[in-house]
Amino acid sequence: MAAEWIEFIQSEITARIPNIAYVNREIHSNPELAYEEHKAHDTFLAALLKLQEFHGARVRAHAYGLPTSFEAEFGTSGPLIIYNAEYDALPGIGHACGHNLIASASLAAFLGVAAALKASGLPGRVRLLGTPAEEGGGGKLKLIEQGAYSGADASLMVHPGPGHKLPPGITGVSYVRMLANIKMQIHFTGKESHAAIAPWDGVNALDAVCLSYNAISMLRQQIKPYERIHGVFRSAGDRPNVTPARCTVEYYVRSETKAQAQALWERVKKCFEGAALATGCGMEIEPLNSYADVRSSKMLCQAYVDAMPEGEVAFNEPADILAGSTDMGDVCYECPGFHGVFGIGTQEGEANHTHGFARAAGTEEAFQRALECGRAMAVVGWRILTEPGFKERVRSEWEEDMQLAAEGK
């Protein structure tokens, strides 16, 4: 890859730092929940339209039928790369997952690659995709359904994590696996009665909830160390003297792959079925927006390591820098994906989804880290678009990995 184009991309991103910083500040200062990110959407649109003469991209509001999604794309033919911009926050604790930084890194990468494509006249397409509602809302699942990733050669993003978990001198991890997550609501239906006058006339749905809860607690002894089962009671009756006739629980079932999570869910489901049978309750299962496991392309991860300052980013250690699940996993099943992690200035006890992490995500240091990641993602994207044979090798690796995924590996 010609060094002059890397330099051009880097200088273009540097020239746009004030614009990127504005978007970063506006999103962090105005946290909005899933599918309510109207200000973030409008902030992005305004920034992209203001910079249109530089990147030359087509900008579309409310993309793919989602009111808070947007799309900016440069190019009309050739390979396609997509940078994902997340911007939803968490209730009560704001940007405690640092999605303002994700948005900033992806915006930087997009601006750099779009400018290079425009200046070079080479074929290729780059898209900045606004992906709302990652925090439990499954925004990318809806975008997948609407074809937002169709024909993509790669989709890239980075995610902030707790910097205090990284060894000295290391600022991020490139290859990070995250668990598949099957989410379900279970509704138990019994029969109400007066709990003092005629308890024998009732069928207690809360009993089914408690039996299933205890059965799942026992099941946890026989699951693999990396698997997780956790749930809450959404409704469990209204008054002590009325036998609860309808109760609802919500559970997340996580495992290393989508196939393994499905197998674990089948075991968990038996706990609910057994509780319903034992108590005489009816049972209804309501699927929620489940997430696939994150299966980043190892070739893209290595390309990202190579694009960062030497020795700064580890390939896959520490493996627990970021846990949990994300809808980026489902994107990895649509096309080759990259979901690297970079550390920000946290202290012990300030991992993602804490007030301390939200504070750290708003610092200048964290923004500069996001910019550095954006520069590296731009270089990786440029390689996909212009380096002979690279995207084909990435695609071949991805196809082999999808075969392994189908086998539950």
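Is Asn19 buried or exposed? I looked this up first in the model, which is a predicted one. Asn19 has 19% relative accessibility, and the cut-off for buried is under 20%, so Asn19 counts as buried.

**Asn19, surroundings.** I placed Asn19 in helix α2, residues 17–29. I then looked for its contacts, setting aside neighbours within four places in sequence, and found Lys50 and Leu51.

**Whole protein.** I noted 13 helices and 12 strands. Of the 409 residues, 54% count as buried. Along the principal axes, the C-alpha atoms fill a box of roughly 85 × 40 × 40 Å. For contacts between residues at least 6 apart in sequence, I recorded that 80% join residues at least 24 apart.

**Helices α5 and α12.** I turned to α5 (residues 99–120) and α12 (residues 364–386). Their axes come within 7 Å and cross at roughly 40°. The two helices are therefore oblique to each other. I noted the crossing as right-handed.

I went through the residues that meet there. On the α5 side they include Leu101, Ala105, Ala109, Val113 and Leu117. On the α12 side they include Phe367, Leu371, Gly374, Met377 and Trp382. What is the make-up of this contact in nonpolar, polar and charged residues? I wrote down 15 nonpolar, 4 polar and no charged. Among the residues from α5 are Ser104, Ser106 and Ser120.

Definitions and conventions:
Residues numbered from 1 in each chain as written. Predicted model: local features only at pLDDT ≥ 70, side-chain atom pairs only at ≥ 80, totals over all residues. Heavy atoms only, no water. Axes fitted to C-alpha atoms, helices over the stretch in contact; angles between N-to-C directions. Helix = DSSP H or I, 4+ residues; strand = E, 2+ residues; numbered from the N terminus. Parallel < 35°, antiparallel > 145°, perpendicular 65-115°, else oblique. Left-handed = near helix turned anticlockwise from the far one by under 90°. Contact = heavy atoms within 4.5 Å. Nonpolar A, V, L, I, M, F, W, Y, C, P; charged D, E, K, R; others polar. Buried < 20%, exposed > 50% of the residue type's maximum accessible area, 1.4 Å probe, protein only.
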